[in-house]
Amino acid sequence: MSDINHVVLVGRLTRDVELKYTNTGFAIANLSLAVNRRVKKDETWQEEANFFNAVMIGKRAEALSQYLQKGKQIAIQGELRQSRWEQDGQPRSRVEIFVNNIQLLGS
């Protein structure tokens, strides 16, 4: 049986998309998404925000970047990817969602 790495989230952008280009002109868009979940604290239900970083690449990133502003509700589908590097002699890592599909929601 093969491994499964599949993520689907619906939430709101916490900031405008950050669009960058590689030296070869390849587009990379960085997104930050807030997803609320309901938790019970004492006798009441409350909303608790969870924050996720996502990356979208290529022509789709370039075309959609103008529509991805703070507060916009979106749905993303993708996979988790871990980046590893060393900084000041210390190993570092970060898990991000690599976006395969995105849908703009709301008005």
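How exposed is Arg-94, in terms of relative accessible area? Arg-94 is partly exposed, with a relative accessible area of 38%. Here, buried means under 20% relative accessible area, exposed means over 50%, and partly exposed covers what lies in between, using a 1.4 Å probe and protein chains only.

A word on the basis of this report. The model is predicted, so local features need pLDDT of at least 70 and side-chain atom pairs count only at pLDDT 80 or more, while totals for chains, interfaces and linings use all residues. Residues are numbered from 1 along each chain as its sequence is written, and side-chain values use heavy atoms, with hydrogens and water left out.

**Strands and hairpins**

Helices (H or I, at least four residues) and strands (E, at least two) are DSSP runs numbered from the N terminus, and two strands pair if DSSP finds at least two bridges between them. Let us begin with β3. Strand β1 (residues 7-13) pairs with β3 in the antiparallel sense over two bridges, and Leu-13 stands opposite Leu-33 in β3. Strand β2 (residues 18-21) is also antiparallel to β3, with four bridges; here Tyr-21 faces Ala-27. Five residues separate β2 from β3 in their hairpin, and Gly-25 in the turn has a positive phi of about 90 degrees.

On to β4: 14 bridges join β3 to β4, and the two run antiparallel. Val-39 stands opposite Gln-46 in β4. The hairpin of β3 and β4 has two residues between the strands, and Asp-42 takes a positive phi near 60 degrees there.

**Charged side chains**

A search of the whole structure finds four salt bridges, each defined as a side-chain nitrogen of Lys or Arg within 4 Å of a carboxyl oxygen of Asp or Glu. Three of them are tabulated here.

| Salt bridge | N to O distance | Relative accessible area |
|---|---|---|
| Arg-37 and Glu-48 | 3.1 Å | Arg-37 44%, Glu-48 25% |
| Glu-79 and Arg-81 | 3.0 Å | Glu-79 23%, Arg-81 40% |
| Arg-94 and Glu-96 | 3.4 Å | Arg-94 38%, Glu-96 15% |

Arg-37 and Glu-48 form a salt bridge. Arg-37 lies in strand β3 (residues 27-41) and Glu-48 in strand β4 (residues 44-57), so this pair ties together parts that are eleven residues apart in sequence.

Arg-81, besides meeting Glu-79 in a salt bridge, lies over the face of Phe-98, at 3.6 Å from the ring centre. A charge sits over a ring if NZ of Lys or CZ of Arg is within 6 Å of the ring centre and within 35 degrees of the ring normal.

**The nonpolar core**

In soluble globular proteins, nonpolar side chains tend to be buried together. A nonpolar core is a set of buried Ala, Val, Leu, Ile, Met, Phe, Trp, Tyr and Cys residues joined through side-chain atoms within 4.5 Å. The largest such core has 18 residues, and those with the most contacts inside it are Leu-31, Met-56, Leu-68, Ile-76 and Ile-102. Two or more residues come from each of β1, β3, β4, α1 (58-64), β5 (73-87) and β6 (90-104). The most come from β3, which gives four.

Leu-68 touches, among others, Leu-13, Leu-31, Met-56 and Ile-102, not counting residues up to four places away in sequence; contact means heavy atoms within 4.5 Å.
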